[in-house]
Amino acid sequence: MGNLEGVEQSELPLCFWLDDAVRDVEGRALLQTGRIFRPQYGSSADVFISTCASSSAVLTDPKHERYLVCLHRLGPSSCTCPDFKKNGGACKHMRALRLLVDDWVSAGSVAPMFYPSDSQD
């Protein structure tokens, strides 16, 4: 597992957040089943990082698979999962972290995020 601590915006790809009901449901399930671990600020208050357990992981196994997830306030984001590496769009792990961050935004704890839907956003 790599380390996203200190990752700068310019090092992250711009992630597109296309409408995807399946990944939205899967992301909500990841959040509801406690698979997002230790969400925190990254290199600045504009970056949120976390690890997210694989949906197939057995959480009681100390060596269960986790992915590193990083969301930047201005759109660049990443995940170390195979889906993001292959497709590049917002995966279910990123959507799970987004739900958590959006709750913080709604509560006024953090500034609003930008989630581009295409390169024109």
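Y115 is buried, with a relative accessible area of 15%; buried means under 20%, exposed over 50% and partly exposed in between, using a 1.4 Å probe and protein chains only. This is a predicted model: local features need pLDDT of at least 70, side-chain atom pairs count only at pLDDT 80 or more, and totals for chains, interfaces and linings use all residues. Residues are numbered from 1 along each chain as its sequence is written, and side-chain values use heavy atoms, without hydrogens or water.

**Exercise 1. Aromatic pairs**

State how many aromatic pairs there are, then describe the pair of W17 and Y115.

Step 1. Apply the rule: rings of Phe, Tyr and Trp (its six-membered ring) pair if their centres lie within 6.5 Å; planes under 30 degrees apart are stacked, over 60 edge-to-face, the rest tilted. The count is 3 aromatic pairs.

Step 2. W17 and Y115 pair edge-to-face, with 5.0 Å between centres and 70° between planes.

Step 3. W17 is in the segment before α1 and Y115 in the segment after α3, so the pair ties together parts 98 residues apart in sequence. W17 is buried, at 6% relative accessibility.

Step 4. Turn to F48 and W104. Their pair is tilted: 5.8 Å centre to centre, 50° between the planes. F48 lies in strand β2 (residues 47–53) and W104 in helix α3, so this pair ties together parts 56 residues apart. F48 is buried at 2%, while W104 is partly exposed at 25%.

**Exercise 2. Helix α1 and its ends**

Compare the span of α1 with the expected value and identify what caps its N-terminal end.

Step 1. Helices (H or I, at least four residues) and strands (E, at least two) are DSSP runs, numbered from the N terminus.

Step 2. The expected span is 1.5 Å times one less than the number of residues.

Step 3. D20 is the cap: a side-chain oxygen lies 3.2 Å from the backbone nitrogen of V22.

Step 4. Past the helix comes G34, whose phi is positive, near 70°.

**Exercise 3. Salt bridges**

Which residue does D24 meet in a salt bridge, and where do the two lie?

Step 1. A salt bridge puts a side-chain nitrogen of Lys or Arg within 4 Å of a carboxyl oxygen of Asp or Glu. The structure holds 5.

Step 2. D24 meets R95, N to O at 2.7 Å. D24 is in helix α1 and R95 in helix α3 (residues 92–106), 71 residues apart. D24 is partly exposed at 37%; R95 is buried at 7%.

Step 3. Contrast R98 and D102, bridged at 3.3 Å. Both lie in helix α3, 4 residues apart, about one turn.

Step 4. Return to D20. D20 bridges R23 at 2.5 Å between the closest N and O atoms. D20, R23 and D83 are linked in a network of salt bridges.

**Exercise 4. Charges over rings**

Which ring does R98 lie over, and which does R66?

Step 1. The test asks for NZ of Lys or CZ of Arg within 6 Å of the ring centre and within 35 degrees of the ring normal.

Step 2. R98 lies over the face of Y115, 3.6 Å from the ring centre. R98 is partly exposed, at 25%.

Step 3. The charged end of R66 sits over F37, 3.9 Å from its ring centre.

Definitions and conventions. A polar contact is a pair of N or O atoms within 3.5 Å; within protein, one must be able to donate a hydrogen and the other to accept it, and residues adjacent in sequence count only if both atoms are side-chain atoms.
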